[in-house]
Amino acid sequence: MAYRDLREYVTTLEKHGKLKRVTKEVDKDWEIAAVCRQLFKKIPPQKRPALVFENVKGFKIPVVAGVLGASREIYALGLQTETVEGINRKWDHALGHPIEPRMVSAKDAPCKENILHGKDVDITKLPVPTWTVGEDPAPFFTSPYLITKDPETGVRNVGTYRMEVKGPNKTGLLIGKRQDMAWHMYKNNAQNKPTPVAVVIGADPTIGYVSVSKMSDALDEFAVAGALRGAPVDLVACETVPLEVPATAEIVLEGEIPPNASEHEGPFGEYTGYMGPAGNEPFFNIKCMTYRNKPLYQAFISQMPPSESSCIRGIGREWPLFKHLKDVLRIPIKDLRLKEAGGSGAYLVISLKKEFVGQVRQLMYGAWSQRTGFGKITVVVDDDIDVWDDFAVDWALSWHVRPDKDVYIERDVQAVGLDPSQAPADVLQHHPSRYVGSRVAIDATRKHKYPAISLPPKEHLDLVASRWKEYGIED
Ligand SMILES: Cc1cc2nc3c(=O)[nH]c(=O)nc-3n(C[C@H](O)[C@H](O)[C@H](O)COP(=O)(O)O)c2cc1C
């Protein structure tokens, strides 16, 4: 059965030993960020739990963190697949078999249990953490799901974009120029009309997974979430904007982005592991807030990778890229990995069952064309190299590469604006120098017949492994 809401999912994580409740009082303005960072430093992914901070100093609302992706194992539970491998199968099926959402009335929508309008709205009463203390100018929402509609087609979008707390009913926003929601704003701006927005904080996990993943803008992301959960998402009409939100959401903010207006926003500790630049960005005026009784506030753990952010973005990107290369371009790749050190974007490793000289070039252009931001560093290895084994990839890079022949640099191509190598820290977010960069592909496949590998024969290794205890080396 699909999770009804975030709280049912939190209970399930706890039953699986994947969630810890922190009852000690914590300060949201420095301590939550430090605890979350130590969680990633101290505990390996297989054992790492998500957290509920139950006692946030000065607030009645608990903070939930890491519940969508403190590890791939947690992500698998969020998608209700038994295994990490099952995640891709779920996504594949969901994208091809969307389930339309279903409207329910306000009386059947727990998110309407409390409704505040106008001056009664005060987001400073929410326990929004400060993440990079001493650098971020304010607390930031890191797991908002922003809902907008294309003013021409009416197709809905759900996306996660950081929101800086700017006052009781105002936030800043950073929406990448090519994001789906940016197109909705451009179209409204052209008509000098505001963009209506509903922001969901805390919902059934599938809503979060679609919110941070790229998919065709012709798809209603709630329909994909429905397919991921195996049941329609129940939606309810907003109070003040012509939009719909999940009926079991914890907290909903409704309002508008004024047309063609911007203000100073940021900087913010980013997924690259560095502070992202500040800039002039649109802002969000909140008109109404609805919330459940005893709401949960949800945050994504982001900033320096590895993080919840790099985990969930990596999974949401690897599978579509794999499908694009294998099924659309029909290149015989075996596996690929967007490494978390590169924020699950900059550093791409692909294994290929190479059929002919030149196929690596076809592959690198194929990967670079799917999303301009992926694979600033792209490494291609043979299909006997496991892309998840860092040592094996380093071994291939060391002995299968002749730098004068196997390194391809592509200059003057679109770059990622948040890449700190593009421009000094004081250059604003949307300055042109941030958007023209370069990429490199390293062909670490074998180009000629190689000598035999210097390992004992496989049958000897297998025999010794089967008798391992007899040697008395390990208990
Ligand atoms: C924690 C987190 C924070 C994010 N913050 C932003 C952001 O501030 N601006 C942005 O453009 N994308 C941000 N993203 C990436 C988008 O959520 C992602 O590209 C998503 O696909 C956007 O939705 P869309 O595809 O519907 O445009 C963030 C992702 C995560 C996981």
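Ala, Val, Leu, Ile, Met, Phe, Trp, Tyr, Cys and Pro count as nonpolar, Asp, Glu, Lys and Arg as charged, and the others, Gly among them, as polar. On that basis, the shell around the ligand divides into six nonpolar, nine polar and five charged residues. The model shown in every view is predicted.

**View 1. The shell around the ligand.** There are 20 residues around the ligand. Those that come nearest are Asn157, Thr160, Arg162, Leu174 and Lys214. Strand 8 provides the largest share of this shell, three residues.

View 2. On its own, the ligand has 630 Å² of accessible area, and the protein covers 91% of that. Two elements give two or more residues to the shell: strand 8 (156-159) and helix 8 (308-328).

View 3. Strand 12 (residues 234-237) and strand 13 run antiparallel, joined by three bridges. Within this sheet, Leu235 stands opposite Pro246 of strand 13.

**View 4. Cysteines without a disulfide partner.** The whole structure was searched, and zero disulfides were found. Cys36 is therefore in none, its nearest cysteine sulfur, in Cys311, being 14 Å away against a cut-off of 2.5 Å. Cys36 is also buried, with a relative accessible area of 1%. What is the distance from the sulfur of Cys238 to the closest cysteine sulfur? That sulfur belongs to Cys111 and is 7.9 Å away, too far for a bond. Cys238 is buried too, at a relative accessible area of 10%.

**View 5. Two cis peptide bonds.** Most residues other than glycine have a negative phi, and most peptide bonds are trans. Gly266 and Pro267 are joined by a cis bond, with omega about 0 degrees. Pro267 sits in the loop between strand 15 (263-265) and strand 16 (268-269). A cis bond also joins Pro305 and Pro306, again with omega about 0 degrees. The loop that holds Pro306 runs between strand 20 (297-299) and helix 8.

**View 6. Positive phi at two glutamines.** Gln80 has a phi near 55 degrees, a positive value in a residue other than glycine. Its loop lies between helix 3 (72-78) and helix 4 (86-96). Is Gln303 buried or exposed? Gln303 is buried, with a relative accessible area of 10%, whereas Gln80 is partly exposed, at 30%. Gln303 also has a positive phi, about 65 degrees, although it is not a glycine. Gln303 is placed in the loop between strand 20 and helix 8.

**View 7. A histidine in a loop.** His448 belongs to the loop between strand 25 (436-444) and helix 12 (458-466). With a relative accessible area of 53%, His448 counts as exposed. His400 is 48 residues away along the chain, and the two C-alpha atoms are separated by 9.6 Å.

How values were computed
Residues numbered from 1 in each chain as written. Predicted model: local features only at pLDDT ≥ 70, side-chain atom pairs only at ≥ 80, totals over all residues. Heavy atoms only, no water. Pairing = 2+ DSSP bridges. Helix = DSSP H or I, 4+ residues; strand = E, 2+ residues; numbered from the N terminus. Buried < 20%, exposed > 50% of the residue type's maximum accessible area, 1.4 Å probe, protein only. Near = heavy atom within 4 Å. Areas by Shrake-Rupley, 256 points an atom, 1.4 Å probe, with all protein chains shown as cover.
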